[in-house]
Amino acid sequence: MSTTNQLLPLELIDKCIGSKIWVIMKSEKEFTGILRGFDDYPFPIKLQDMVLEDVIEYENTPEGRKTTKLEQILLNGNNITMLIPGGEGPES
Amino acid sequence: MQQPPIQQQQQQTSSPTEFLNNVIGRPVLVKLNSGVDYRGILSCLDGYMNIALEQTEEYVNGQLKNRYGDAFIRGNNVLYISATKLRE
């Protein structure tokens with residue numbers, strides 16, 4: 001009874017499907033895009049690969065930031081550090 | 001004058017499995033964690049993101065370095081698989 005209000009962290013991300021999300025990777029890479037979905041299993045325990053649309057990829061290099069536009073990607077979940085719902089990315 | 005229904009404005013969700021089913025046979029860009037890009041026709045792949053590409057082009061720092069007829073990419077190296085949207 002007392003646990004019904006608790007939301008697991010990944011259930012929060014499930015609520016973000018269809019809206020913009022900012023993904024920060026282990027390395028000097030970031031992505032922003034519309035979250036289209038991710039694997040059901042083993043959700044909501046472990047974050048797996050996710051599908052993003054209208055993506056901007058930000059790559060931070062010693063020469064400065066490089067951005068790439070991508071229409072639709074399947075992003076490997078292994079190297080994800082942080083997800084920011086509604087995040088506009090590093091340039092906002 | 002009618003507004004389009006909301007269902008038409010918002011696209012349905014697309015799970016990784018659906019995405020993969022949609023991109024088989026289409027030209028894709030595969031980026032590895034090392035930063036190397038591979039462009040080619042996706043012939044097949046599995047749940048580990050192991051990938052078989054045809055007519056593969058290897059780009060290092062954005063420059064074409066190699067061409068392979070067929071290439072197998074081990075899934076652990078893959079950062080993302082990118083495709084252009086299907087237009088109906």
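Does B:Cys44 count as buried, partly exposed or exposed, and what is its relative accessibility? B:Cys44 counts as partly exposed because its relative accessibility is 43%, where buried means under 20% relative accessible area, exposed over 50%, and partly exposed in between (1.4 Å probe, protein chains only).

The model is predicted: local features need pLDDT of at least 70, side-chain atom pairs count only at pLDDT 80 or more, and totals for chains, interfaces and linings use all residues. Residues are numbered from 1 along each chain as its sequence is written, chains are lettered from A and ligands numbered from 1 in the order in which they are written, and side-chain values use heavy atoms, with hydrogens and water left out.

**Sheet and strand pairing**

- Ten strands form an open sheet with antiparallel pairing, in the order E5(A)-E1(A)-E2(A)-E3(A)-E4(A)-E5(B)-E1(B)-E2(B)-E3(B)-E4(B); strands are DSSP runs of E with at least two residues, helices are runs of H or I with at least four, and both are numbered from the N terminus.
- The edges are E5 of chain A and strand E4 (63–73) of chain B, each of which pairs on one side only; two strands pair if DSSP finds at least two bridges between them.
- Neighbouring strands of this sheet are turned against each other by 30° on average, direction ignored; the axes are lines fitted to C-alpha atoms, for helices over the stretch in contact, and angles run from 0 to 180 degrees between N-to-C directions.
- E1(A) is joined to E2(A) by five bridges in the antiparallel sense, and a hairpin connects the two through three residues.
- Five of the six residues of E1(A) are buried, so that the strand is mostly covered.
- In chain B, strand E1 (residues 27–32) pairs with E5(B) in the antiparallel sense over four bridges, and B:Leu29 has B:Ser82 in E5(B) as its bridge partner.

**Nonpolar cores**

- The largest nonpolar core holds 21 residues, of which A:Val23, A:Phe31, A:Met50, A:Leu52 and A:Leu75 touch the most other members; such a core is a set of buried Ala, Val, Leu, Ile, Met, Phe, Trp, Tyr and Cys residues joined through side-chain atoms within 4.5 Å.
- Two or more residues of this core come from each of helix H1 (9–14) and strands E1 (20–25), E2 (29–38), E3 (50–61), E4 (64–75) and E5 (80–85) of chain A, and from strand E5 (78–83) of chain B.
- A second, separate core has 19 residues, among them B:Val23, B:Leu32, B:Leu45 and B:Val78.
- Leaving aside residues up to four places away in sequence, the contacts of A:Val23 include A:Phe31, A:Met50, A:Leu52, A:Leu75 and A:Ile80, a contact being heavy atoms within 4.5 Å.

**Interface between the chains**

- Chain A has 22 residues in contact with 23 residues of chain B.
- The two chains bury about 2,000 Å² between them, 53% of it on carbon and sulfur atoms; buried area is the accessible area (1.4 Å probe) that two parts lose on being put together, summed over both.
- A:Glu71, A:Gln72 and A:Leu74 supply 33% of the area that chain A buries against chain B, more than any other three residues.
- Helix H2 (residues 16–23) of chain B lies across E2, E3 and E4 of chain A as well as E1, strand E2 (37–45) and E5 of chain B, and runs at about 90° to E4(A).

**Chain B and selected residues**

- The two helices and five strands of chain B follow the order α-α-β-β-β-β-β from the N terminus.
- Chain B has 88 residues, of which 40% count as buried.
- B:Arg74 lies in the loop between E4 and E5 of chain B and is exposed because its relative accessible area is 55%.
- B:Glu18 is located in helix H2 of chain B and counts as partly exposed because its relative accessibility is 39%.
- A:Cys16 counts as buried because its relative accessibility is 6%.
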